[in-house]
Amino acid sequence: MSTPPPTGPLVTRDTLAAQLLELGVQPGETLLAHSSLSSLGWVNGGAVAVVQGLLDALGPDGTLVVPTQSGDLSDPALWSSPPVPEEWWSPIRATMPAYDPLVTPSRGVGVIPETVRTWPGALRSAHPQTSFAALGPRAAQIVEGHAPDCRLGERSPLARLETLDARVLLLGAGYDTCTSFHLAEYRIPSPLVEVGRPVRTPQGATRWEVVTEVSVDSDRFDELGSDFERDRPVVRGRVGAADARLFPVADAVAYAERWLALHRPPRRMGRTQDRLLNPARPITRPAP
């Protein structure tokens, strides 16, 4: 059976950079990118060409930031599709490798962030489940000091991005991926949740720890994003075959604070309500 020819458009590093600039990306700015490689069309060079195009558009004074979350470093008691036997929970917690910003792969955020994570000169924040990676002159300022008990709040790169007047680029990705909305959850009454994960001790060993965190939930972010786009200036365009959107982090956070307070029903504390990476399904078992 013959393989069907690829469908277009043909996307290259140069066409990506040109279309990003046409969209409104500014050389020298700081950009938080949420992306989908498959939405762009046939990209010559794949994720590498996309990262090159983003860096070309931003220029040497710009900084590219991406989410590099590793939500699979989580409590096996919450895994589903399929779950693991309860008698496995304790040995899994005892033997799960601890987060290492240089080694731990990202999961659930696409191949472009994973490419940025491994790019020469990239820096990555220290949170074991919701890290960000950055390339550019502001990278250290953005990723340093990511508190281990503050996934996406005031002591995370999101708050630094807000202060730096960074903008969000949704490149073939929907508002359900917009991490900036999560910063608003830390600024309104939100339930707390117990979060378990493996951590490395100063002696190099691994232990399981549980911290109390603000519960984050991306449910209804698509609806929130639709209202945000209706009420606030959002630049829209096409890059390759993908829909692209561009807007300030600060605008997204401020709007989400008001919207969530009005539209989200009160939530009680509970681990199964904490939905960050996949709002449509409960936490899934990591692939082998």
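**Entry 1: strand β11 and its partners**

I started with strand β7, residues 167–171, and looked for its pairing with β11. The two run antiparallel and share five bridges. This is a predicted model, and I read every entry here with that in mind.

I then checked the connection. β10 and β11 make a hairpin, with two residues between them. G240 sits in that turn and has a positive phi of about 60°.

Is β11 mostly buried or exposed? I counted along residues 242–248. Five of the seven residues are buried, so the rest of the structure largely encloses this strand.

**Entry 2: the R238–D243 pair**

R238 has D243 in β11 as its bridge partner. I then looked at the side chains of this pair. D243 and R238 form a salt bridge, with the closest N and O atoms 2.8 Å apart.

I looked up accessibility for both. D243 has 38% relative accessibility, so I log D243 as partly exposed. R238 comes to 48% and is partly exposed too.

**Entry 3: other salt bridges**

How many salt bridges does the model hold? The count is 18. I noted a few of them.

R155 and D149 meet through their side chains, at 3.0 Å from N to O. R155 is partly exposed, at 42% relative accessible area. D149 is partly exposed as well, at 34%.

E229 and R236 form another salt bridge, again 3.0 Å from N to O. R236 has a relative accessible area of 52%. The cut-off for exposed is over 50%, so R236 counts as exposed.

I also traced a network. Salt bridges link E154, E162, R187 and E257 in it.

**Entry 4: helices α8 and α9**

Last, I looked at how α8, residues 221–231, meets α9, residues 249–263. Their axes come within 10 Å and cross at roughly 115°. I noted the crossing as right-handed.

Which residues make the contact? From α8 I listed E223, L224, D227, F228, R230 and D231. On the α9 side are D251, A252, Y255, A256, W259 and L260. I sorted the contact by class: seven residues are nonpolar, five are charged and none is polar.

Definitions and conventions:
Residues are numbered from 1 along each chain as its sequence is written. This is a predicted model: local features need pLDDT of at least 70, side-chain atom pairs count only at pLDDT 80 or more; totals for chains, interfaces and linings use all residues. Side-chain values use heavy atoms; hydrogens and water are left out. Axes are lines fitted to C-alpha atoms, for helices over the stretch in contact, and angles run from 0 to 180 degrees between N-to-C directions. Helices (H or I, at least four residues) and strands (E, at least two) are DSSP runs, numbered from the N terminus. A crossing is left-handed if the near helix is turned anticlockwise from the far one by less than a right angle, and right-handed if clockwise. Contact means heavy atoms within 4.5 Å. Ala, Val, Leu, Ile, Met, Phe, Trp, Tyr, Cys and Pro count as nonpolar, Asp, Glu, Lys and Arg as charged, and the others, Gly among them, as polar. A salt bridge is a side-chain nitrogen of Lys or Arg within 4 Å of a carboxyl oxygen of Asp or Glu. Buried means under 20% relative accessible area, exposed over 50%, partly exposed in between (1.4 Å probe, protein chains only). Two strands pair if DSSP finds at least two bridges between them.
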